[in-house]
Amino acid sequence: MGEELALLSPQEIQDKKRALWRAWEAYVSDRRVESGLRASVLESWKRSQSLGIQPEQKKARYLHEIDDVIEWRRQSEFFLTAIPVLEHIFDQINVTKHLLTLTDAGGRIIYLQGEPSILKKAETMLFVLGADWSEPSVGTNAIGTSLYLQKPIQIFSYEHFAQAAHDWVCSAAPVTDPHTGQVLGIVDLTAPYEYAQPHTLGIAKMIAVQIQKEYTRISDNLRKHLYDEYMNARKRWPGEPILLFDSALQMLTQSPEAQATLQELQKRHSSRSILADIRETLLACPELEYTFELTDTGHEATAVALIRKNERIGFLVFLRRRSRQRRVSAPSIRPVFHTPWDTIIGSSPAMQHAIQRAKIVAATDVPVLITGESGTGKERFAQTIHEASTRHPHPFVAVNIAAIPRELIASELFGYEPGAFTGANPKGKKGKFEEAHGGTLFLDEIGDMPLELQVYLLRVLQEKKIMRLGSSNARPVDVRIIAATNHNLAERIAQGAFRLDLFYRLNVVEIALPPLRERAQDVLLLAEFFLDKFAKQYGKPAASFDPDVVRLFERYAWPGNVRELQNVVEHAVIFSTGSVISLNHLPSYLLNEAPDSDSLPLDPLEREEKKMIDYWLQKANGNVSEVARRLNRSRATIYRKIKQYGINLSKYSNID
């Protein structure tokens, strides 16, 4: 505890600050170490020097774009888990004059709340959302030093190596993954030094423990997901030597074949650890799938990264004996995790034709125009073309032209210099062309681009250079353009709303996506795909559709196309309680717009049942009770069947 705390009582604040000032002056002046300086602080000062931190540094070195932070927060399960805990405790923290802070695993501030006056004061040292407070950015401080030590610590006043934080006290504790032990982020409480309290570190530790407790469920799910992937691989390739690693490169399990292979290799190479060699390669694994040689063993390994929500959560490693013709009989690993094309669902001729065209064009670098109604999957096609192309390691940037205010389209696409217009970011901003450099720029709803801006887009496509607003310097850009529209561009050209020369520039290859109503045989394929996806996402047991739902899906016209079907299935899964999705789980509008039951196609058994009920209703003169007795069913069941089959009771004389 003594190494964690900077002071033991508020009464010693002034004396402690003076003593630390003398120690700091002695160290930065002539590297003299005063007695009483904590060993953890001294070691951090040495690291700060080696990292090039200057004692007179007034603020953090590094600041991330706020848009990047917001996007990261939106996708991070850790952040979404932590937020309720932080919001619940904030009111209690605020009265202590401390700022409540959470960072990611790299020390970047992703959450910051506190009294406005103290927040404003903290801005001077760049203690703001998006700022990097790791030791390489600021030197000794509670966030960065806790991150380095992976332990809680309090840093007071002149214990901070850089001047930036000499008037502050901060208490930080790491949040770790309960399974892997990896640091997920840092909880920090920061205040002006006069508000220092020894118990503040205990509060930070308590918050960290609470977040970690809440994260346990997610960590358990991640662990289960890893084992599921391992079992799928074992079933697909029985007899293959397979190892499973988590994100911390702990080996979770291995197949008997892998165990035997490793034991054999280790016997022959006892002077080194084969597992250590594998871990070292995984640590720097450059690709989602990477084959590497196990030096001097006659074997090679293929590492396949397991990805969930854009984060790498582990690896499957396949061991095999190396041959001259690499992996002649070895299974392809990629299908377990899908090729890019496997993400497009559809067996109908129209979809297969579109997929084949897309596969051909993916190998080239020509512009592509994807046409089709809203919701047909134009962006999914564009992203798949990108992922299957040589540009896949570089960004895929999507822009919906119709969603951007007319006056901002130019700045969004081409960027702007500082001060280019009122309200602009004072640092200027990259445009989407620059963001997509080396990769693919997807221009959705291109038919809605204002005519006066089309000439600028045409010039960029011709010259492969952009000019930011407010600049006179052209910047080269290397992007592939994929455009999409739900308009008939020929009609737009005839109306004078779209340039013919731009159309020819964009429409080197056109891929037309059919509406869902024209690919009826794909409806159930897609519905089952979405059912599986959302059942896993929401932890629901839903596994199949009631026959009534299937008939409704086949009959419905789907004006919103694939997007509408996806939303309908997601709605149904959310409100489902059992393993079967029934009509009452569907959105009400779908039931209201659906055709009457008697117009839905019936299967052979249903047709026979309808005939039988019709027959007995006629024999019993419409007496439902008598029909129920004859068929050994309840009255409620017979009434339900009458409604289901659209039988008109009014034609019978005796209705009970």
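## Domains

The C-alpha centres of domain 1 and domain 3 are 43 Å apart. The model is predicted. Its domain assignment divides the chain into domain 1 (10-218), domain 2 (237-322), domain 3 (342-514), domain 4 (517-593) and domain 5 (604-651).

Rolling a probe the size of a water molecule over the atoms shows where empty space is left. The second largest pocket holds about 550 Å³ of space. Its lining is made of 26 residues, and the closest to the pocket centre are Gln 182, Leu 184, Tyr 215, Glu 311 and Arg 312. Two or more lining residues come from each of helix 3 (66-75), helix 4 (77-94), strand 5, helix 8 (199-236) and strand 10 (311-321). Helix 8 contributes the most to this lining, with five residues.

Sorted by class, the lining of the second largest pocket has nine nonpolar, eight polar and nine charged residues.

How many cavities of 30 Å³ or more does a search of the whole structure find? The search finds one. The largest cavity has a volume of about 50 Å³.

The lining of the largest cavity consists of Met 125, Phe 127, Trp 133, Asn 141, Ile 143, His 160, Ala 165, Trp 168, Cys 170, Asp 188 and Thr 190. Strand 4 (168-176) and strand 5 (183-192) each provide at least two of the lining residues. By class, seven residues of this lining are nonpolar, three are polar and one is charged.

## Two helices that cross

Two packed helices are described by the angle between their axes and the distance between the axes. For helix 23 (residues 624-631) and helix 24 (residues 635-644), the axes come within 9 Å and cross at roughly 105°. Angles of 65 to 115 degrees count as roughly perpendicular, and helix 23 and helix 24 are therefore roughly perpendicular to each other.

On the side of helix 23, the contact is made by Val 624, Ser 625, Val 627, Ala 628 and Leu 631. Helix 24 takes part through Arg 635, Ile 638, Tyr 639 and Ile 642. The contact of helix 23 with helix 24 has seven nonpolar residues, one polar and one charged.

How values were computed. Residues are numbered from 1 along each chain as its sequence is written. This is a predicted model: local features need pLDDT of at least 70, side-chain atom pairs count only at pLDDT 80 or more; totals for chains, interfaces and linings use all residues. Side-chain values use heavy atoms; hydrogens and water are left out. On a 1 Å grid over the protein atoms alone, a cavity is a set of points where a 1.4 Å probe fits but cannot get out, and a pocket is an open set with protein on both sides within 12 Å along at least five of seven lines; lining residues have an atom within 4 Å of a point. Grid points are joined across faces, edges and corners, and a volume is the space filled by probe spheres set on the points. Helices (H or I, at least four residues) and strands (E, at least two) are DSSP runs, numbered from the N terminus. Ala, Val, Leu, Ile, Met, Phe, Trp, Tyr, Cys and Pro count as nonpolar, Asp, Glu, Lys and Arg as charged, and the others, Gly among them, as polar. Axes are lines fitted to C-alpha atoms, for helices over the stretch in contact, and angles run from 0 to 180 degrees between N-to-C directions. Angles under 35 degrees count as roughly parallel, over 145 as roughly antiparallel, 65 to 115 as roughly perpendicular and the rest as oblique. Contact means heavy atoms within 4.5 Å. Domain bounds come from an automatic or database domain assignment.
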